[in-house]
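Subject: Structure handover

Hello,

Here is the structure I said I would pass on. My notes on it come after the model.

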Amino acid sequence: MFSLNKLSPSITDMIRFDHSHVLVTFHQYTATSRPKVKKALAETICTALEIHATLEEEVFYPVIRNLNGQEPTIQKSVPEHNEMRRIIAELRAADPTTRRHDELMNELMRDVMHHVADEETVLLPEAERMLGKDKLDELGAEMTRRRMQLVAPKAGSIAKNTAVGFSGSTTAIVAGLAGAVVAAKLFSRRHANARHA
Ligand SMILES: [Fe+2]
Ligand SMILES: [Fe+2]
């Protein structure tokens with residue numbers, strides 16, 4: 001029987017995966033890139049961050065708040081997401097031939113790196129200490145289901161920007177994580193079945 005729970009990564013691994021892919025894409029943006037490429041990279045990053053922030057707010061943060069609502073890192077998480085959304089709106093409106101576009105991109109990157117460091121050194125280890133593996137996997141499956149709903153209406157523009165910006169592998173940031181992991185697990189299972197046949 002197909003079970004998303006068994007095929008999804010844990011919620012904490014999924015969050016780390018999203019972070020590292022966004023940071024890799026940030027590093028592909030340079031001041032000398034063509035304006036069309038800059039815009040495509042910016043749009044890919046903005047969409048990935050928006051989806052990631054919504055997923056954390058809906059699926060991950062409520063669990064952390066339940067564990068320890070007084071934790072200062074969780075208290076500033078949503079305000080930091082909102083500040084990120086403000087920069088994203090400005091970046092989307094910016095002209096990629098201007099220096100302002102580069103500045104906003106750098107500002108976004110600085111904020112996101114700081115926020116990601118807090119999550120990876122405080123919130124994710126706390127979740128892993130307090131919740132069992134089954135719960136982390138179950139939340140991972142919930143996040144995958146919600147991600148699919150959020151990605152579906154944007155699939156066309158995600159594909160277009162990915163094609164302009166860089167190699168297809170980076171689609172994993174917004175759309176491909178669940179698909180890639182499920183495919184890898186199905187492949188290894190099929191392999192194991194074949195060996196035992
Ligand atoms: Fe976050
Ligand atoms: Fe995050």
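Fold

Please keep in mind that this is a predicted model. The chain has 197 residues, of which 45% count as buried. Its secondary structure consists of eight helices and zero strands, so the pattern along the sequence reads α-α-α-α-α-α-α-α. Among contacts with a separation of 6 or more, 81% are between residues 24 or more positions apart.

Helix packing

Two helix pairs were examined. For H2 and H3, the axes come within 10 Å and cross at roughly 160 degrees. Angles over 145 degrees count as roughly antiparallel, and H2 and H3 are therefore roughly antiparallel to each other. Their crossing is left-handed. On the H2 side the contact involves Ile-11, Ile-15, Asp-18, His-19, Val-22, Thr-25, Phe-26 and Gln-28. On the H3 side it involves Leu-41, Ile-45, Ala-48, Leu-49, His-52, Glu-56, Val-59 and Phe-60.

For H4 and H5, the axes also come within 10 Å, with a crossing angle of roughly 160 degrees. That makes H4 roughly antiparallel to H5. H4 passes H5 in a left-handed crossing.

Nonpolar cores

The largest nonpolar core has 23 residues, and those with the most contacts inside it are Phe-26, Leu-49 and Leu-108. The elements that each give two or more residues to this core are helix H2 (11-28), helix H3 (35-68), helix H4 (72-93) and helix H5 (99-130). H3 gives the most, with eight residues.

What does Phe-26 touch, leaving aside residues up to four places away in sequence? The list is Ile-45, Leu-49, Met-105, Leu-108, Met-109 and Val-112. Two of the residues with the most contacts inside the core, Leu-49 and Leu-108, are therefore among the contacts of Phe-26, taking contact as heavy atoms within 4.5 Å.

A second, separate core has 21 residues, including Met-14, Leu-136, Met-143 and Val-151.

Iron site

The model holds an iron ion (ligand 1) and an iron ion (ligand 2), which are 3.3 Å apart. Which residue coordinates both? That residue is Glu-56.

The protein donors of the iron ion (ligand 1) lie 2.0 to 2.3 Å from it:

- Glu-56, through OE
- Tyr-61, through OH
- His-81, through NE2
- His-115, through NE2
- Glu-119, through OE

In sequence these donor residues follow the spacing E-x4-Y-x19-H-x33-H-x3-E. The site links distant parts of the chain, with Glu-56 in helix H3 and His-115 in helix H5, 59 residues apart.

Glu-56 has 0% relative accessibility and so counts as buried. His-115 has a relative accessible area of 10%, so it is buried as well. Glu-56 is also one of the H3 residues that meet H2.

Single residues

Val-22 is in helix H2 and is buried, with a relative accessible area of 5%. Val-22 and Cys-46 are 24 residues apart in sequence, and their C-alpha atoms are 9.3 Å apart in space. Val-22 also belongs to the set of H2 residues that meet H3.

Leu-55 lies in helix H3. Its relative accessible area is 1%, so it is buried. Leu-55 and Arg-147 are 92 residues apart in sequence and 7.0 Å apart in space, C-alpha to C-alpha. Leaving out residues up to four places away in sequence, Leu-55 touches Phe-60, Met-143, Arg-146, Arg-147 and Leu-150. Of these, Met-143 is included in the second core.

His-114 is found in helix H5. With a relative accessible area of 47%, His-114 is partly exposed, whereas His-115 is buried. His-114 and Glu-80 are 34 residues apart in sequence and 9.9 Å apart in space, C-alpha to C-alpha.

Regards

Technical notes:
Residues numbered from 1 in each chain as written. Chains lettered and ligands numbered in written order. Predicted model: local features only at pLDDT ≥ 70, side-chain atom pairs only at ≥ 80, totals over all residues. Heavy atoms only, no water. Core = buried A, V, L, I, M, F, W, Y, C linked by side-chain atoms within 4.5 Å. Buried < 20%, exposed > 50% of the residue type's maximum accessible area, 1.4 Å probe, protein only. Helix = DSSP H or I, 4+ residues; strand = E, 2+ residues; numbered from the N terminus. Donors = N, O, S within 2.8 Å, 3.2 Å for Na, K, Ca; no water. Axes fitted to C-alpha atoms, helices over the stretch in contact; angles between N-to-C directions. Parallel < 35°, antiparallel > 145°, perpendicular 65-115°, else oblique. Left-handed = near helix turned anticlockwise from the far one by under 90°.
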